[in-house]
Amino acid sequence: MLIKTGVIGYPISHSVSPYIHGYWLEKYNIAGEYNRFEVTPENLQEFLFSMHANNIFGINITVPHKEAAWDILAKSGRLNKCDDIKCKVAKLLRATNCVTALPNGNFLAANTDFMGFAENLKINSDGFNFEKASALVLGAGGAAKAIIFALISILKVNSITITNRSIDKCIEIKNICEQEFDYTNIKIIEWQARNSVVAEHNLIVNTTSLGMKGKDILEIDLSPLEKNSLVTDIVYNPLETEILKQAKQFGAKTIDGLGMLMHQAAPAFENWYGEKPEVTAELKEILVQKLGL
Ligand code: ATR
């Protein structure tokens with residue numbers, strides 16, 4: 001039987017997820033289909049509740065529906081109990097990017113963004129010691145939350161500093177980390193003070209949208225970085241952002257954001273198709289072409 005899956009968002013035409021899942025469906029010779037569905041905010045609930053009837057087994061959820069989809073499903077009373085960390089993180093974030101329509105008429109709502117971030121770093125970091133790392137996280141939006149949960153629960157970094165233009169969001173994240181993960185080695189600094197703490201960190205993560213094509217650049221001075229530091233950016237257009245260029249110039253290792261996109265798709269694919277897919281250089285090249293990077 002053909003297993004139908006896809007991605008919903010509004011707009012959705014830009015999504016490259018069909019190329020990722022399509023590549024794996026072909027590679028593993030699986031009878032599946034992965035489509036884009038443009039769903040307006042008004043139609044989101046109807047779309048979710050008709051997944052079973054329409055034989056749509058699983059969907060990825062992108063902007064602007066991650067939080068709204070979580071709310072709708074949580075309120076519906078049809079979320080299956082799930083002890084997996086993917087479900088726990090969705091609940092903490094109150095945001096899901098991966099929904100499965102279960103045969104019993106219920107749903108599973110997971111978050112795989114945080115796994116994508118961690119896997120991308122683990123695979124590409126050449127033996128970098130995360131457990132001894134001091135991480136500086138720039139930004140405190142939804143993406144930052146997922147990333148901080150990954151830094152704590154998967155990469156197990158030693159300490160985290162968060163900085164954001166709006167400091168209240170940092171405080172909220174710090175509180176969640178302390179309460180839910182018992183993680184207390186976390187501090188907050190003012191956005192204007194970010195340059196003054198670069199030297200104390202060896203893992204720098206940009207989670208803001210700054211540096212993305214068409215947006216302002218992220219202003220930061222990475223010259224005090226130690227040589228064996230690691231710098232990563234969730235922005236992948238351009239593939240090599242200004243902070244990654246700068247990090248390279250000062251001898252740090254860099255990891256671009258396209259890996260996170262591919263690696264967040266892998267647990268969703270495995271969930272729906274039962275095959276743990278490989279993120280290959282060939283897949284990355286396909287995305288680079290499709291995105292015109
Ligand atoms: P996402 O869910 O992708 O993280 P978001 O919640 O809108 O998106 O968060 C975007 C992040 O980029 C936030 O940390 C935001 O800072 P604020 O919380 O202060 O808005 C940050 N950001 C966006 N534009 C910025 C700018 N011009 N200067 C500094 N930070 C900016």
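Q: Why is the contact between the side chains of Lys174 and Glu178 called a salt bridge?
A: In this predicted model, the N to O distance between Lys174 and Glu178 is 2.8 Å. The cut-off is 4 Å between a side-chain nitrogen of Lys or Arg and a carboxyl oxygen of Asp or Glu, so the pair qualifies.

Q: What separates Lys174 and Glu178 along helix α7?
A: They are four residues apart in helix α7 (residues 167-181), and therefore about one helical turn lies between them.

Q: Why is Lys174 called partly exposed?
A: Its relative accessible area is 22%. Buried would need under 20% and exposed over 50%, so Lys174 falls in between.

Q: What makes Lys27 and Glu278 a salt bridge?
A: Their side chains meet at 3.8 Å, N to O, which is within the 4 Å limit. The pair links distant parts of the chain, 251 residues apart: Lys27 is in helix α1 (residues 17-27), Glu278 in the loop between α10 (258-273) and α11 (281-291).

Q: How do you know whether Glu278 is buried, exposed or partly exposed?
A: The relative accessibility of Glu278 is 46%. Exposed means over 50% and buried under 20%, so Glu278 counts as partly exposed. Lys27, at 38%, is partly exposed too.

Q: Why do Glu240 and Lys248 count as a salt bridge?
A: The closest N and O atoms of Glu240 and Lys248 are 2.5 Å apart, and the rule asks for within 4 Å. Both residues are partly exposed, Glu240 at 31% and Lys248 at 48%.

Q: How many salt bridges does this rule give?
A: The count is 11.

Key. Residues are numbered from 1 along each chain as its sequence is written. This is a predicted model: local features need pLDDT of at least 70, side-chain atom pairs count only at pLDDT 80 or more; totals for chains, interfaces and linings use all residues. Side-chain values use heavy atoms; hydrogens and water are left out. Helices (H or I, at least four residues) and strands (E, at least two) are DSSP runs, numbered from the N terminus. Buried means under 20% relative accessible area, exposed over 50%, partly exposed in between (1.4 Å probe, protein chains only).
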